[in-house]
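Let's walk through this chain together, one question at a time. Have the sequence and the model open as you read.

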Amino acid sequence: FFFFFKQKTAYEISACLVGSEMCIRDRDRVVAYNREKDLSVDLVLQPQYQVKGVVGTSDSQYAVYGTDEPAIRILNIESKQEVLVEKINSTNEIIAITTSRDNKYIITAQKGGNIQVWSWNQSLNSLKLEYEIISQDYILSTSFTISQDNKYLVAAQEKDLKVWDLSTGSFLFEIKNAHAGRIFTVAISSDNTKIFTGSADGYINMWNMSRRYKVIAYYSQNDKAYSLALTSNNRYLIYIQGDYENSFLGIYDLSDQKQIQKEYFNINLFNLFLSRDNKHLVTSNQDNVITLYEPSLEQLKEDIQQTPDAVDNKYSLSA
């Protein structure tokens, strides 16, 4: 069968994709785009402080972003008003932020390497710091993600892969030197059986979660693995690999253990996001262009129909 990406639209905005909903950090602004209206702008917010990372909630109601104060700020997209500001007692600014799928947790990574886990009570409009993971050697968390059931926090710290129990903060295990180069991206399957990592060494690795060994290693010579995304049924892995001048979007069938096809670009793509319903794919590149695609693959369409919790969110990207 044949796989291709149908380009829908592109917008020139300075952004870097780091999460899951349609909120974008445009220089020092927070911008919300409406996917139902062909990515028309719904909101532009110019905060007083520098925005370091933005993620939209799964219900499309809020934009959550970190600033260099440092602070966590939460914006109601509909009212265009900040509903919560939580100042952080630290000298290190926030460099990345994400939320759990049910919006119960907010995770921040700081410049000093520490990771903070916050519980968010929306009814009381409050944040509570549950715990902080201290970086003993000032190693930055280059990427992190939360399992869909909120059981695990998975983080890449330079070349190492580390896993914690999200509810307690207990350190579970690490895989030292999981890659020969810096790990740029991590993902975890919805059944918590596999972890995927992409690195500057050109490898995309799949790890067995329980036995902690490498199951699959896909290598592309001279190409860095920048970003990964899993379809909702865990069958397909979509990824970006490339160098400073060229890159490609690829798809790997995890069931048949084979690559389906590559789509080449004469530009450096950095990040991708696949919507939870598998209907839309969004990328960012070195020229600060965000592009929306429609993956066209019969098996992907079948996955959409078979996924019971598929949600077609109004806001479908974060950065």
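Contact here means heavy atoms within 4.5 Å. This is a predicted model, where local features need pLDDT of at least 70, side-chain atom pairs count only at pLDDT 80 or more, and totals for chains, interfaces and linings use all residues. Residues are numbered from 1 along each chain as its sequence is written, and side-chain values use heavy atoms, leaving out hydrogens and water.

Q: Among contacts between residues at least 6 apart in sequence, what share joins residues at least 24 apart?
A: Take the contacts in the chain between residues at least 6 apart in sequence. Those that join residues at least 24 apart make up 45%.

Q: Is Leu 153 buried or exposed?
A: Buried means under 20% relative accessible area, exposed over 50%, and partly exposed in between (1.4 Å probe, protein chains only). Leu 153 touches residues including Ile 107, Val 117 and Trp 164. Because its relative accessibility is 0%, Leu 153 counts as buried.

Q: Which residue meets Arg 235 in a salt bridge of 3.0 Å, N to O?
A: A salt bridge is a side-chain nitrogen of Lys or Arg within 4 Å of a carboxyl oxygen of Asp or Glu. Arg 235 is partly exposed at 24%. Its partner at 3.0 Å is Asp 253.

Q: How many salt bridges does the structure hold?
A: One of them joins Glu 82 and Arg 73 at 2.8 Å, N to O. Those two residues also belong to a salt-bridge network with Glu 69 and Lys 87. For the structure, the number of salt bridges is seven.

Key:
Lists of a residue's contacts leave out its neighbours within four places in sequence.
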